[in-house]
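Please look over the sequence and the model shown here before reading on. The paragraphs below are meant to be read with the structure open.

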Amino acid sequence: MPASDEAVAPVRRRRPRGRIVARYLLLTLGAVIVLFPVYMAVVNSLLLPSQIAHQPPPFFPNDPQWHTYPDAWKAGHLGVYLRNSAIQTMIIVAGQLITSILAAFAFAFLEFPLKKTLFIVFLMTLMIPFEVTVATNVTTVTSLGWFNTFQGLTVPFLATGFGVFLLRQAFLQIPRDLKEAAQLDGFGHLRFLWSVAIPLARPAIAALGVFSFLGAWNQYLWPLLVTGNDNAVRTVQIGLKQLLNTQLDQLNVSLAGTIIAIAPLIILLVVFQKQLVRSLTAGAVK
Amino acid sequence: MRTQVARRRKDWALAYVLLLPGLAIFAVFTFWPFLQNFKLALYQNPPYPGLPSTFVGLSQVGDVLSSSAFQQSLVSTLLFVLMVVPTGLLGGLMLALAAHRALRGMAIFQVIFSSTVVSSVAVAAVVFGTLMDPVVGLLPWLGLDPQPAILSNPTWALPAVAVIAIWQFLGLSFIIMTAGLQSLPEEVLEAARLDGARAPTMFFRVTIPLLSPTIFFGLVVGFIYAFQSFGQIDILIGSQNAEFTHTNVLLYYIYRALSVQNDPGLAAVLSIVLFVILLGVTLVQFRFLERRVHYAGE
């Protein structure tokens, strides 16, 4: 974005200083609106329960109660929940990347009977939202003995039509000559996939990884349905709901737990902003 | 010649092996349960647990569709979507326009504006639930009567939940709009500027029409997002109060049919309705995208 804007700059007159200030004010206003709820959560998490109910509400913690964070960690079993969420997310991200790369490679580089039909079958899954299938999936997972296990939590999500589609597009952009050259060099398909196609499609693969991560980490419906109360595999999202229910008189602790739960994703956002934007807008622009 | 045929055969085998993991998952966890809905919809749940369910044909479908609970759920869902999608898209567009300038520090604003995309429903619900609480929330400070509590009030519960969803959708909406703005053809904008188009004319006659594919994409994403939100309702309102507060949106109704009422038949009928609605949205999107492709190819 900056590049295109700079390219225009010489034609336009210099923007007057006043307008730049006005724009910054506008941006700051937007930032305040977006961040205000989270800011209040941080403030409230650092107050004493009696202070939270105070009117007018305190907008700054004068005597921050940092102990609410370790309290939330303990009372909410957040260590267990975060670990469960991390395991669940890693399995789903790895699984989706592997199945998508394999299928996308077949669709992009191999010729085989029923190729078109099978591709349509993969695309059809995009039309069936997961929510529509939960009823039977709960039965399936339970009858496999997978209730309250990581298999039950993750296996239904190990493939994604979106991922296959995204990576196929990326693979198709690799020049055909490269494939032929690799073949002449005696590369088999799998060696070509591993040492040429995957490295070249890395941006798209990273984008898919971030997208999968976000989807898996923030899952709510499925973990609610297939995890039990013994916390063996219960994820942090469901943990937050429980923390809120058990700490009714200690809202500061619940809010501290919430901040802890969102922290990993804030880090992810700051580090992977580019990939995130790319994956979320795949399809929006060409 | 023969080696070539043999190699082709080997390619076929390899292709099927590569596709197998994905196909297996989809077969078991997507297609089979999806088709199963059409069977479950024809069977009525036994009055007492443990008895077999009985085949009732389409009568259950008719019963569900004509029930007041279903109709109320559909109305709540549509109202929710109408509250969330336009507001969320407009908010995202405004933030994107504000941030679409090469100024110092813009990267920070972009991270902030897209930040709500990483917040989960649970996080958003807890954060906003506090702000909306009659005792510890902000309403008394704003000079509003906090009683009866907004979240247990049939008039205000749905708008309140919508506010949470809008906030959460804002990040995604901002990202989509920013990507759209960045892809606008700079020559066209520049030509309009050189022709002396003023800012409002520029915006309504040039930017918005050029941005229409992005806005349309945002609409579809927004629809799907709004139809799938129910976590806020589950956390802040709960199963017992959902119908009373008119927040029993379709997806929450499905969840309740499954987990609270133990009624797979009802859940199946509701799932089919949800599928038909989302299919409609997706088909409109595909047709639109197809038109765009032709347009770009000319």
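This is a predicted model: local features need pLDDT of at least 70, side-chain atom pairs count only at pLDDT 80 or more; totals for chains, interfaces and linings use all residues.

Residues are numbered from 1 along each chain as its sequence is written, and chains are lettered from A and ligands numbered from 1 in the order in which they are written.

Chain A has 16 helices and 0 strands, where helices (H or I, at least four residues) and strands (E, at least two) are DSSP runs numbered from the N terminus. With a radius of gyration of 24 Å, well over the 19 Å that the globule rule gives for 286 residues, chain A is more spread out than a compact globule; the radius is taken over C-alpha atoms, and the rule is 2.2 Å times the number of residues to the power 0.38. The C-alpha trace of chain A spans about 75 × 70 × 35 Å along its principal axes. Of the 286 residues of chain A, 44% count as buried, a residue being buried if 20 or more other C-beta atoms lie within 10 Å of its own, exposed if 12 or fewer, and partly exposed in between, with C-beta atoms placed from the backbone.

Chain A is divided into domain 1 (14-65) and domain 2 (72-280), with bounds that come from an automatic or database domain assignment. The contact between them takes 8 residues from domain 1 of chain A and 8 residues from domain 2 of chain A, two residues being in contact if their C-beta atoms, placed from the backbone, lie within 7 Å. On the side of domain 1 of chain A that touches domain 2 of chain A, α2(A) gives the most, with 4 residues.

Between the chains, the contact takes 80 residues from chain B and 82 residues from chain A. Helix α1 (residues 2-40) of chain B gives the most to the side of chain B that touches chain A, with 20 residues.

The largest nonpolar core has 162 residues, and those with the most contacts inside it are F105(A), L167(A), I254(B) and L270(B); such a core is a set of buried Ala, Val, Leu, Ile, Met, Phe, Trp, Tyr and Cys residues joined through C-beta atoms within 7 Å. Helix α6 (residues 157-182) of chain B gives the most to this core, with 19 residues. Not counting residues up to four places away in sequence, L167(A) touches several residues, including S100(A), I101(A) and A201(A).

In chain B, I166(B) lies in helix α6 and is buried, with 24 other C-beta atoms within 10 Å. Leaving aside residues up to four places away in sequence, I166(B) touches V84(B), T87(B), G88(B) and G91(B). A125(B), in helix α5 (residues 121-132) of chain B, is buried with 28 other C-beta atoms within 10 Å. A125(B) and V5(B) are 120 residues apart in sequence and 60 Å apart in space, C-alpha to C-alpha.
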